[in-house]
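I opened this entry to keep track of what I looked up in the model. My notes follow in the order I made them.

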Amino acid sequence: MTKREKAGVVLVITGFLLVMLGCCLVADNPYWWMSVVISGTGCALIALAVFVLPSMYEPLTILRILFVLAAGL
């Protein structure tokens, strides 16, 4: 794996964990907006890894990142 692919995998996993943390914080939380911010940050990291990080000349990079993520879960 290249450095770019490794960074993409780290961003997707970190983003997924932030989204899950944000979803868990919603229940009975007076600061519900914090859970929205945390989940939004996770979504932004995933979008960064999937759409911005891969170069235009590597069309299979997105599939590789998603495959590694699915294999890790």
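**Entry 1: Trp32**

I started with Trp32, which is found in helix 2. The model is a predicted one, and I read every value below with that in mind. I then looked up the spacing to Gly22. Trp32 and Gly22 are 10 residues apart in sequence. Their C-alpha atoms are 9.1 Å apart in space.

I also looked at what surrounds Trp32 on the surface. Trp32 belongs to a nonpolar surface patch with Tyr31, Trp33, Met34, Val36 and Val37. Together these residues have about 650 Å² of accessible area.

**Entry 2: the chain as a whole**

I stepped back to the chain. How many helices and strands does the chain have? I found three helices and zero strands. Along the sequence the pattern reads α-α-α.

I noted the burial figure next. The chain has 73 residues, and 25% of them are buried. Its accessible surface comes to about 5,200 Å². Carbon and sulfur atoms hold 77% of that surface.

I looked up the contacts by sequence separation. Among contacts with a separation of 6 or more, 65% are between residues 24 or more positions apart.

**Entry 3: helix 2**

I went back to helix 2, which covers residues 32-52. The 21 residues of helix 2 should span 30 Å at 1.5 Å a residue. The C-alpha atoms at its ends are 29 Å apart, which agrees.

Which residues of helix 2 are buried? I listed Ser35, Ile38, Ser39, Gly42, Ala49 and Val50. Seen down the axis of helix 2, these buried residues fall within an arc of 105°, so they line one face of the helix. I kept the general rule beside this: an α-helix has 3.6 residues a turn, so residues three or four places apart point the same way. On the other side of helix 2, I found Phe51 and Val52 exposed.

I took two serines of helix 2 in turn. Ser35 lies in helix 2. Its relative accessibility is 2%, so Ser35 counts as buried. I set aside residues up to four places away in sequence and looked up what Ser35 touches. The list is Gly22, Leu25 and Val26.

Ser39 also has its place in helix 2. Is Ser39 buried or exposed? Ser39 counts as buried, because its relative accessibility is 16% and the cut-off for buried is under 20%. I applied the four-place limit here too. Beyond those neighbours, Ser39 is in contact with Leu18, Val19, Gly22 and Cys23.

**Entry 4: helix 1 and Gly22**

Gly22 is found in helix 1. Helix 1 covers residues 3-25 and has 23 residues. From its first C-alpha to its last, helix 1 reaches 33 Å. I noted that this is close to the 33 Å expected at 1.5 Å a residue.

I listed the buried residues of helix 1. They are Glu5, Gly8, Val9, Leu11, Val12, Gly15, Val19 and Gly22.

I then read the value for Gly22. Its relative accessibility is 0%, so Gly22 counts as buried. Which residues is Gly22 in contact with, leaving aside neighbours within four places in sequence? I found Ser35, Ile38 and Ser39. I also looked up the pair Gly22 and Trp33. They are 11 residues apart in sequence. From C-alpha to C-alpha they are 9.6 Å apart in space.

I finished with two valines of helix 1. Val9 lies in helix 1. Its relative accessible area is 11%, so Val9 is buried. I looked up the spacing from Val9 to Arg64. The two are 55 residues apart along the chain. Their C-alpha atoms are separated by 9.0 Å.

Val10 has its place in helix 1 as well. Is Val10 buried or exposed? Val10 is exposed, with a relative accessible area of 52%.

How values were computed:
Residues are numbered from 1 along each chain as its sequence is written. This is a predicted model: local features need pLDDT of at least 70, side-chain atom pairs count only at pLDDT 80 or more; totals for chains, interfaces and linings use all residues. Side-chain values use heavy atoms; hydrogens and water are left out. Patches are made of residues with over 30% relative accessible area and no salt bridge: like charges are joined within 9 Å, nonpolar side chains (Val, Leu, Ile, Met, Phe, Trp, Tyr) within 5 Å. Accessible areas come from the Shrake-Rupley method with a 1.4 Å probe; for residues, only the protein chains shown count as cover. A salt bridge is a side-chain nitrogen of Lys or Arg within 4 Å of a carboxyl oxygen of Asp or Glu. Helices (H or I, at least four residues) and strands (E, at least two) are DSSP runs, numbered from the N terminus. Buried means under 20% relative accessible area, exposed over 50%, partly exposed in between (1.4 Å probe, protein chains only). Contact means heavy atoms within 4.5 Å. The expected span of a helix is 1.5 Å times one less than its number of residues. The arc is that of the directions from the helix axis to the C-beta atoms.
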